[in-house]
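Please keep the sequence and the coordinates at hand while reading.

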Amino acid sequence: MDQLSDALAASLELVAERCGDPTPLVYDRLFARQPDMEALFLGDHSRQARGQMLAIALDTLTDLAAGETWAGNMIRAERVNHDQIGVPFDVFATFFTVVHETFRDAGGEAWTAEMEAAWTGVLARAAAAA
Ligand code: HEM
């Protein structure tokens, strides 16, 4: 694995150590920033879709960091799928930023410059893929 992938993986481990499952933190921040989007999750009583979506978004970023081509296709396909369920393109793109900020806050003083560079790098790739 290269430095970007290593630092990204280390950041995910750090967040897991610090807060276990970060899903509630991510969606609290998302809905604070995009209140209109909370209504779209009304059917998600078990909160399984929230967790599944975050897990798949993280898998996509991990593979994007590793240079896997499917990851870019996944982002493009999900962007169109989400537009059809009421998530505008510009809002769709904000999810990765919300995850980045939530994880950085959770990492606190243990969040390294390498981790920050890895997230900035992979989010630039995600933006270029969309
Ligand atoms: C602010 C941005 C986003 C919003 C508001 C949003 C909203 C939603 C909603 C409402 C659902 C359906 C939930 C349900 O079934 O009850 C969903 C599912 C899903 N989203 Fe997103 N989404 C966003 C960004 C993303 C991104 C960036 C990705 C990944 C690249 C993604 C991947 C998925 C996947 C894979 C599912 C299906 C989860 C499952 O299997 O249940 N979403 N999203």
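The points below treat the metal site, the surroundings of the ligand, and selected residues elsewhere in the chain. The model is predicted, so local features are given only at pLDDT of at least 70 and side-chain atom pairs only at pLDDT 80 or more, whereas totals for chains, interfaces and linings use all residues. Residues are numbered from 1 along each chain as its sequence is written, and side-chain values rest on heavy atoms, with hydrogens and water left out.

**Metal site**

- Met-53, through SD, and His-82, through NE2, coordinate the iron atom of the ligand at 2.0 to 2.3 Å; donors are N, O and S atoms within 2.8 Å of the metal (3.2 Å for Na, K and Ca), and since water is not among the atoms, sites may look incomplete.
- The arrangement of the six donor atoms around the iron is octahedral because their angles run from 85 to 179 degrees. Six donors count as octahedral if opposite donors are over 155 degrees apart and all others lie between 65 and 115.
- For comparison, the ideal angles for six octahedral donors are 90 or 180 degrees.
- Met-53 belongs to helix α4 (residues 48–65) and His-82 to helix α5 (residues 69–84), so the pair links parts that are 29 residues apart in sequence. Helices are DSSP runs (H or I, at least four residues) numbered from the N terminus.
- His-82 is buried, at a relative accessible area of 15%, while Met-53 is partly exposed at 24%. Buried means under 20% relative accessible area, exposed over 50%, and partly exposed in between (1.4 Å probe, protein chains only).

**Surroundings of the ligand**

- The ligand sits in the largest pocket. A pocket is found on a 1 Å grid over the protein atoms alone, as an open set of points where a 1.4 Å probe fits, with protein on both sides within 12 Å along at least five of seven lines; a molecule sits in a pocket if more than half of its atoms lie within 2 Å of its grid points.
- Elements that give two or more residues to the shell around the ligand are α4, α5, α6 (89–92) and α7 (94–107). Helix α4 gives the most, with four residues.
- There are 18 residues around the ligand, and Phe-41, Gln-52, Met-53, His-82 and Phe-92 come nearest; a residue is near a molecule if one of its heavy atoms lies within 4 Å of it.
- A polar side-chain atom of His-82 is 2.8 Å from a nitrogen atom of the ligand.

**Loop between α3 and α4**

- Ser-46 lies in the loop between α3 (35–38) and α4 and is exposed, with a relative accessible area of 56%.
- Arg-47 is found in the loop between α3 and α4 and is exposed at 54%. Its phi is near 65 degrees, a positive value in a residue other than glycine.
- Most residues other than glycine have a negative phi.
- Leu-40 is placed in the loop between α3 and α4 and is partly exposed, at 41%.

**Buried residues in helices**

- Thr-102 lies in helix α7 and is buried, at 4% relative accessibility.
- The side chains of Thr-102 and Arg-29 form a polar contact of 3.0 Å. A polar contact is a pair of N or O atoms within 3.5 Å; within protein, one must be able to donate a hydrogen and the other to accept it, and residues adjacent in sequence count only if both atoms are side-chain atoms.
- A polar side-chain atom of Thr-102 also lies 2.6 Å from the backbone oxygen of Val-98.
- Tyr-27, in helix α2 (residues 23–33), is buried at 2% relative accessibility.

Definitions and conventions:
Four donors count as tetrahedral if all angles lie between 85 and 135 degrees; four count as square planar and six as octahedral if opposite donors are over 155 degrees apart and all others between 65 and 115; anything else is irregular. On a 1 Å grid over the protein atoms alone, a cavity is a set of points where a 1.4 Å probe fits but cannot get out, and a pocket is an open set with protein on both sides within 12 Å along at least five of seven lines; lining residues have an atom within 4 Å of a point.
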